[in-house]
Amino acid sequence: WLEPAIYPTCEPTLNSWVAHPAETVSALSYLLGAIYLRQRFGNLDQKLPVRHLPTILFLVGTASVLFHVSNAAVFQLLDVATVALFTSYLLVATFIHRKLARPAQLPYLFLLFAGTGFAFPFIHISLGFGITILQGSLVCWFWWRGHRDGSAPLSDRVAISLLLTGALFLAVDHAGIACVSGSAAHIVQPHVVWHLLSATSAIYFYRAERLLEQHWHHLS
């Protein structure tokens with residue numbers, strides 16, 4: 001009874017309680033990643049702003065699961081909107097790392113970027129995709145500018161590599177290219193790979209970010 005998703009994915013939609021089984025199960029990786037980060041670093045990072053990132057990742061996973069269970073347009077919009085919360089945090093943190101902003105400005109900049117990014121999909125979903133792509137691209141560009149000498153920590157390199165590779169699978173999926181058909185259609189799809197790679201990259205982004213934020217007092 002809900003309007004179907006605006007942009008389809010490769011996985012054929014089932015007329016059942018779970019519209020996209022493979023993509024629903026793989027979306028659980030965001031929830032598992034959030035739980036892992038909270039359990040592993042929750043007690044250690046109580047004074048760092050990055051402690052909120054697992055909560056954002058959990059929201060991303062919840063919205064993704066709702067979308068793939070229902071294949072409903074409203075949950076697809078919510079899915080895109082919550083991703084903007086994650087990319088907004090990374091972008092604001094990057095500005096601080098590059099000394100373009102002060103640590104004390106993080107809450108205000110995050111509210112500005114995340115509020116805009118969250119609202120855009122509900123104006124038009126293309127705006128939502130556009131803002132998250134722009135934010136993610138800026139994070140990658142600043143990272144490349146800062147580590148052209150090959151000095152990037154391993155966590156940074158893994159996070160960026162997984163994100164970019166996953167984004168390629170996401171683009172292929174929405175373009176309807178390399179879709180899996182037949183008996184494996186509800187087992188693996190490009191969108192499934194995107195879920196797994198992006199969820200893993202989020203874990204590495206967190207691990208890199210927490211180490212950087214431990215030195216923010218030097219930037220104040």
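**Ser64.** I looked up Ser64 and found it buried, with a relative accessible area of 1%. Buried means under 20% relative accessible area, exposed means over 50%, and partly exposed lies in between (1.4 Å probe, protein chains only). I placed Ser64 in helix 2. Helices here are DSSP runs (H or I, at least four residues), numbered from the N terminus. I then checked the side chain of Ser64, and it makes a polar contact with the side chain of His195 at 3.4 Å. A polar contact is a pair of N or O atoms within 3.5 Å; within protein, one must be able to donate a hydrogen and the other to accept it, and residues adjacent in sequence count only if both atoms are side-chain atoms.

**Ground rules.** I noted that this is a predicted model, where local features need pLDDT of at least 70 and side-chain atom pairs count only at pLDDT 80 or more, while totals for chains, interfaces and linings use all residues. Residues are numbered from 1 along each chain as its sequence is written, and side-chain values use heavy atoms, with hydrogens and water left out.

**Helix 7.** I checked the span of helix 7, residues 190-213. The expected span is 1.5 Å times one less than the number of residues. For its 24 residues that should be 34 Å, and the end C-alpha atoms are 34 Å apart, which agrees. I also found 17 of the 24 residues buried, so helix 7 is largely enclosed by the rest of the structure.

**The disulfide.** How many disulfides does the structure hold? I found one. A disulfide is a pair of cysteine sulfur atoms within 2.5 Å. Cys10 and Cys179 form it, with their sulfur atoms 1.9 Å apart. The link is left-handed, with -60° about the S-S bond. Cys10 lies in the segment before helix 1 (21-41) and Cys179 in the loop between helix 6 and helix 7, so the pair ties together parts that are 169 residues apart in sequence. Cys10 counts as buried at 10% relative accessibility, whereas Cys179 is partly exposed at 34%.

**The largest pocket.** I looked up which residues lie nearest the centre of the largest pocket: Val83, Thr132, Leu163, Leu170 and Trp194, out of 32 lining residues. Helix 2 (53-70), helix 3 (73-97), helix 5 (125-146), helix 6 (154-174) and helix 7 each supply at least two residues of the lining.

Definitions and conventions: 1 Å grid on protein atoms, 1.4 Å probe; cavity = no way out; pocket = protein on both sides within 12 Å on 5 of 7 lines; lining within 4 Å.
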